[in-house]
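Morning, everyone. Let me put the model up, and then we'll walk through the ligand site and the pocket.

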Amino acid sequence: MLEKLSSGLKDALRKIAKAGYIDNNTVNELVRDIQRTLLATDVDVKLVFKLTESIKKRALDEKPSSGMTAREHIVNIVYEELVKFVGKKPEIMLKPGRILFVGLFGSGKTTSIGKLAKFYQKKGLKPALIGCDVHRPAAMDQLKQIAEQLNVPYYIDKEIKDAVKIAEVGLKELKNNDVLIFDSSGRDALDEELARELRKLGEVIKPDEVILAIPADLGQATGEQATEFNKLVGITGIFLTKMDGTARGGGAITACAVTDAPIKFIGVGEKMEALEVFDPERFVSRLIGFGDLQSLIEKAQEAIEPGKAQEMAEKFTSGKFSMDDFYEQLKSMGKMGSLKSVMDMIPGMGGMKLPKNLDLGKQEDKMKKWKYIIESMTKKERADPDIIDSSRITRIAKGSGTQESDVRELLKNYSQSKKMMKMFSGGSMKRGMMSRFARKFKGM
Ligand SMILES: Nc1nc2c(ncn2[C@@H]2O[C@H](COP(=O)(O)OP(=O)(O)OP(=O)(O)O)[C@@H](O)[C@H]2O)c(=O)[nH]1
Ligand SMILES: [Mg+2]
């Protein structure tokens, strides 16, 4: 979902993370990148400029709060402004009630009704479906099929040609269920006839929610349609469907955000599970990989002092790597979680395999032991661990109060680690990746 938007925003923010320092130019470039990305997903030009203006203004005017680096500050501003941009956190009805679905032909009403029924089932409520689409002959069968698939009670009547009548009977028949969801007929356009029919339905059903199903592939045109439905019928929320199959989702979301009806659900596929409750914070977080960016920044900050990072990065890439470096690295990695999880957060390195035994996450309790072992080594041994033969191993084990096997294990881990460093410093592509890694740590 929204791959283009997501990768565009991530790229823009990564540039910030990599920038040597933040100045007007960096901010301008960020703003241009964001503009380009949003426009490509059909977000309205005026909205885009409004957003980027406030990002720019805040980025240049506001000082980072204490303990925040300039980079974090900018990333945070972009995050906050995007959250505002995509809308408010909706209220979701989580108690018994009645829901009427409205929308044009093929907008995804009936499918979304099934998804919502499943959603309520999972919440422990008893949903039931009522088919009030009397215009399309196959509509009732479709609803029936979905209800049976979900094992949810339903009411349809192909003989009754009056939607209001069906609603009345359905209300009675299914009164023992918690959440009654009503399907309605679509049209090519929202004309007065459809509006009247929906209003009449509304009078009988007295819905707690009127949900407009609207396909995201309409892009920014969703805004106008949502406004129109709201004016003529009155809606309480939007179910944005077909987000999975379109690059115009950004436009659809932001256009809906400026209407009076909040997006409540997002449809991301044809299956009944393909429903997401819309949550602006979570949505944007995922979109920009905020969690990853944030935790990378935080962890790197905690773990490595700026000067050390550069030094370590140089050792990483040069392949020179002493026992002291190994110990420093272990200390930092221990704080940062496993090396693997750090690597997963760095673009392009996620898939890399670590040597099998080098599970740095598990090494934490060994750290103490290893500290004593390393402290029992001579300066010469630490600088060049290759000279450590079995008699030296015996001496080191005795001196540190550990077993010879502990010393051997440490040496093995050291040489694996060294090998890995060499691997990183091998090809030029890898070197590029490592220096990116280094830059990320530098000064954060
Ligand atoms: N990929 C994708 N397809 C969807 C989604 N929601 C609905 N569809 C598909 O869109 C088509 C139309 O969906 P329906 O649920 O029949 O739409 P409707 O609004 O009830 O249509 P009418 O009753 O004809 O007005 C179907 O093929 C659905 O499978 C979604 O979130 N993602
Ligand atoms: Mg339908």
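When I say helix, I mean a DSSP run of H or I with at least four residues, numbered from the N terminus. This is a predicted model, where local features need pLDDT of at least 70 and side-chain atom pairs pLDDT 80 or more, while totals for chains, interfaces and linings use all residues. Residues count from 1 along each chain as written, chains are lettered from A and ligands numbered from 1 in written order, and side-chain values use heavy atoms, without hydrogens or water.

So, ligand 1. Helix H5, residues 109-122, gives the most to its shell, with four residues. There are 18 residues around the ligand (a heavy atom within 4 Å), and Lys 109, Thr 110, Thr 111, Asp 244 and Glu 270 come nearest.

Now the polar contacts, meaning N or O pairs within 3.5 Å. A polar side-chain atom of Asp 244 sits 2.7 Å from a ligand nitrogen. On the oxygen side, Gly 106 brings a backbone N or O atom to 3.0 Å from a ligand oxygen, and Lys 115 has a polar side-chain atom 3.1 Å from one. The protein covers 81% of the 640 Å² of accessible area that ligand 1 has on its own (Shrake-Rupley, 1.4 Å probe).

Next, the largest pocket. By pocket I mean an open set of points on a 1 Å grid over the protein atoms alone, where a 1.4 Å probe fits, with protein on both sides within 12 Å along at least five of seven lines; lining residues have an atom within 4 Å of a point. Its lining has 20 residues, with Lys 84, Phe 85, Gly 87, Ala 257 and Val 258 nearest the centre.

Conventions: A polar contact is a pair of N or O atoms within 3.5 Å; within protein, one must be able to donate a hydrogen and the other to accept it, and residues adjacent in sequence count only if both atoms are side-chain atoms. Helices (H or I, at least four residues) and strands (E, at least two) are DSSP runs, numbered from the N terminus.
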